[in-house]
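Hi,

Could you take a look at the structure below when you have a minute?

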Amino acid sequence: MRLFWLGLIWLAGIIVGKASGLSAWIYLLGAGLGLACWLLAQDWLRRMGPGILIFSLGAFRYALAVPVLDDTRLAFHNDSLRPVTLTGIVSDFPDVRDRYVGLRLTAESVQYSATSGTQPVSGAALVQASRFGSYSYGDRVRATGFLETPQETEEFSYRDYLARQGIHSLMAEAAVVRVGGRQASPVLQIIFDLRQRAFETVHALFPDPEASLMAGILLGIESGIDDEVRQAFNDTGTTHIIAISGFNLTVLAGLVISLFGRWLGMRRGAVAAVFAILLYTLLVGADAAVVRAAIMGGLALLARYLGRQAHALASLSAAAGAMSLLSPQVLWDVGFQLSFAATLGLVLYADPIKHGFVQLASRWVQPERAAQWAGPVGEYLLFTLAAQLTTLPLTALHFRRLSLVSLIANPVVLPAQPPLMMLGGLAVLAGLISRPIGQLLAFVAWPFPAFTVRAVSLFASF
């Protein structure tokens with residue numbers, strides 16, 4: 001448990017580092033003070049030393065992550081009120097919307113006029129290109145428009161939302177010209193090509209609106225979801241179902257580890273589950289949010305099944321600490337918070353809920369039968385209930401609403417999500433190899449997304 005608490009102290013240091021805005025050197029002095037207490041002091045002051053050290057290093061890490069703006073940083077050129085031509089690489093899956101295509105551009109250079117020279121820059125921008133353009137991951141493009149700082153209102157900070165993704169500049173209504181292709185990482189290029197093929201396969205195997213929902217849940221591509229369907233998810237407090245980077249992947253990881261453990265034994269089942277989660281992560285595109293969820297859920301749940309609850313909490317804390325070490329802004333990412341909360345819920349409450357269910361059911365049936373009811377099928381409901389206990393407050397906080405209908409809708413809809421993801425994922429994988437086999441599996445998987453859409457729409461009408 002000591003590692004768990006030290007991890008929380010590290011995270012608290014990052015939060016305070018953002019809130020205080022003090023110089024990084026002040027926190028470095030605090031780290032030196034903590035080290036001195038740990039090594040030289042006595043009694044309670046010595047026991048406090050490691051906490052002071054870790055807390056100060058967390059705040060120091062955040063201070064180092066704050067970008068220093070000069071003319072070599074793209075954000076330096078925001079709000080200049082002059083048109084600029086930005087050259088860069090499309091570094092994520094294009095986000096197709098009704099009126100534009102959102103492109104995450106890793107910047108290479110900027111140019112203010114045809115007669116001026118190009119200025120090499122670093123950083124990322126969100127470029128809103130024409131809806132009718134054709135773009136892919138790895139394209140090198142030139143975008144012309146006005147660079148601006150994303151807006152911030154009392155209700156929602158678009159600036160902070162993009163900053164958590166490493167984006168500090170926005171170019172709306174840009175004129176974009178493609179000048180090259182396949183210019184990014186070859187490994188990621190293969191992954192994104194697979195994701196594009198999987199997206200096309202989903203729409204070939206399933207009808208709409210089920211296909212769009214499956215693309216959102218399985219691949220994280222939400223652009224095809226109808227506005228009416230999306231609003232129904234908002235009204236019923238079930239929007240987190242579409243956020244594959246958080247809640248769903250963690251629940252799926254727990255279920256896969258449990259099922260493989262029953263069939264192959266816990267240790268060999270855990271290894272098989274790791275490969276299953278890795279394959280699924282690649283299928284959904286292996287973007288940063290999904291990788292975080294896979295690592296966090298996989299480590300914590302493996303520790304839970306192979307060891308004790310304390311090991312799982314320590315692994316969860318270590319995973320969160322490692323991710324925040326690489327990118328302190330991750331703490332304010334909704335997907336990260338949902339992943340952390342859902343995994344914490346499974347670690348803390350899955351076993352007590354399961355045991356409580358067995359004891360309750362044993363009042364009416366034999367204990368052996370009650371234990372069977374709490375097996376793989378029962379865990380669909382029990383796992384989702386355990387995760388919901390810790391994610392519901394976050395859902396209310398981030399979406400600024402807590403629908404009373406959500407208290408009914410979530411227990412009804414959530415048990416369908418693990419089989420939706422597992423059967424749907426198998427159908428897509430099979431469809432990538434053989435369309436007829438994939439279509440056959442799609443018939444088996446289709447009732448689950450169909451039930452999800454119709455149940456959410458029904459509850460939204462209440």
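This is a predicted model: local features need pLDDT of at least 70, side-chain atom pairs count only at pLDDT 80 or more; totals for chains, interfaces and linings use all residues.

Residues are numbered from 1 along each chain as its sequence is written, and side-chain values use heavy atoms, without hydrogens and water.

Helix H1 covers residues 2-20 (helices are DSSP runs of H or I, at least four residues, numbered from the N terminus). Its 19 residues reach 27 Å from first C-alpha to last, close to the 27 Å expected at 1.5 Å a residue (the expected span being 1.5 Å times one less than the number of residues). Phe4, Gly7, Trp10, Leu11, Gly13, Ile14 and Gly17 are its buried residues (under 20% relative accessible area, 1.4 Å probe, protein chains only). Just after H1, Gly21 has a positive phi of about 70°.

Next, H15 (residues 406-413) packs on H18 (residues 447-460) at about 170°, axes 10 Å apart (axes are lines fitted to C-alpha atoms over the stretch in contact, and angles run from 0 to 180 degrees between N-to-C directions). That angle makes H15 roughly antiparallel to H18 (over 145 degrees). Ile408, Ala409, Val412 and Val413 in H15 meet Phe451, Thr452, Ala455, Val456 and Phe459 in H18 (contact means heavy atoms within 4.5 Å).

Finally, H5 (residues 186-205) and H17 (residues 435-445) pack at about 60°, with axes 10 Å apart. On the H5 side, the contact uses Thr201, Ala204 and Leu205; H17 brings Arg435, Gly438, Gln439 and Ala442.

Cheers

How values were computed
Helices (H or I, at least four residues) and strands (E, at least two) are DSSP runs, numbered from the N terminus. Angles under 35 degrees count as roughly parallel, over 145 as roughly antiparallel, 65 to 115 as roughly perpendicular and the rest as oblique. Buried means under 20% relative accessible area, exposed over 50%, partly exposed in between (1.4 Å probe, protein chains only).
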